[in-house]
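Here are my notes on this model, point by point. Please keep the structure open beside them as you read.

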Amino acid sequence: MAMAFKMATTGMWVTEECKNSFMEMKWKKVHRYIVFKIDEGSRLVTVDKVGGPGEGYDDLAASLPKDDCRYAVFDFDFVTVDKCRKSKIFFIAWSPTASRIRAKILYATSKDGLRRALDGIHYEVQATDPTEMGIDVIQDRAN
């Protein structure tokens with residue numbers, strides 16, 4: 001079994017793949033976003049989907065299920081008012097209203113452990129429907 005990092009509060013484990021994918025996104029810019037899911041049977045947080053560097057925020061939003069929870073990280077590139085190119089990493093806790101109560105509780109209690117394992121996140125967004133995590137919300141938080 002691949003090396004995993006335990007999240008003490010819930011007994012969940014973050015796989016090495018999660019950390020490696022995040023570092024590749026952060027330093028090498030080979031991913032635009034990463035979607036994570038919790039496998040309730042194995043109690044592991046795993047990579048569900050990875051978006052290539054050419055994909056955008058709409059692709060991330062479309063990849064999130066309408067009836068199940070997920071975590072996601074998104075590398076948001078923008079230009080400041082001073083014409084400087086910047087990049088900020090957003091952590092998104094996706095918990096749609098149509099998801100199961102058990103899943104909502106599991107994801108809510110495991111969130112901080114995953115955030116600690118992914119070093120370098122700038123902002124967090126919690127969303128229960130797409131309007132709470134629209135690109136306008138991301139842009140407002142980054143500026």
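1. Start with a loop. Lys83 lies in the loop between β5 and β6; helices (H or I, at least four residues) and strands (E, at least two) are DSSP runs, numbered from the N terminus. Lys83 has a positive phi of about 70°, although it is not a glycine. Lys83 counts as exposed, at 70% relative accessibility. Here buried means under 20% relative accessible area, exposed over 50%, and partly exposed in between (1.4 Å probe, protein chains only).

2. A word on the source. This is a predicted model, in which local features need pLDDT of at least 70, side-chain atom pairs count only at pLDDT 80 or more, and totals for chains, interfaces and linings use all residues. Residues are numbered from 1 along each chain as its sequence is written, and side-chain values use heavy atoms, leaving out hydrogens and water.

3. Now look at Lys29. It sits in the loop between α1 and β3. Lys29 is not a glycine, yet its phi is positive, about 60°. With a relative accessible area of 38%, Lys29 is partly exposed.

4. Next, the strands. β3 and β4 pair in the antiparallel sense over seven bridges; two strands pair if DSSP finds at least two bridges between them. Their hairpin has four residues between the strands, and Arg43 there takes a positive phi near 60°. Phe36 has Val47 in β4 as its bridge partner. β2 and β4 pair too, in the parallel sense, over two bridges. Trp13 stands opposite Leu44 in β4.

5. What does the largest nonpolar core hold? It has 23 residues, and those with the most contacts inside it are Phe22, Phe36, Val73 and Leu114. Such a core is a set of buried Ala, Val, Leu, Ile, Met, Phe, Trp, Tyr and Cys residues joined through side-chain atoms within 4.5 Å. Elements that each supply at least two residues of this core include β2 (12-15), α1 (16-28), β5 (70-79) and α3 (101-117). The largest share, five residues, comes from α3. A second, separate core has 17 residues, among them Val35, Ala72, Phe74 and Phe76.

6. Leaving aside neighbours within four places in sequence, Phe36 is in contact with residues including Cys18, Val45, Val47, Tyr71, Val73 and Leu114. Contact means heavy atoms within 4.5 Å.

7. Tyr71 is found in strand β5. Is Tyr71 buried or exposed? Tyr71 counts as buried, at 1% relative accessibility. Beyond neighbours within four places in sequence, the contacts of Tyr71 include Ile34, Phe36, Phe91, Leu106, Tyr107 and Leu114. Tyr71 and Val47 are 24 residues apart in sequence and 9.5 Å apart in space, C-alpha to C-alpha.

8. Turn to α3. It has 17 residues and reaches 25 Å from its first C-alpha to its last. That is close to the 24 Å expected at 1.5 Å a residue; the expected span is 1.5 Å times one less than the number of residues. α3 has a kink of about 40°, centred on Lys111. The bend at a residue is the angle between axes fitted to the seven residues ending there and the seven starting there. Buried residues of α3 include Ala103, Leu106, Tyr107, Ser110 and Lys111.

9. Last, the cysteines. How many disulfides does a search of the whole structure find? The search finds zero; a disulfide is a pair of cysteine sulfur atoms within 2.5 Å. For Cys69, the nearest cysteine sulfur is that of Cys18, 16 Å away. Cys69 counts as buried, at 0% relative accessibility. Cys84 is partly exposed, with a relative accessible area of 38%.
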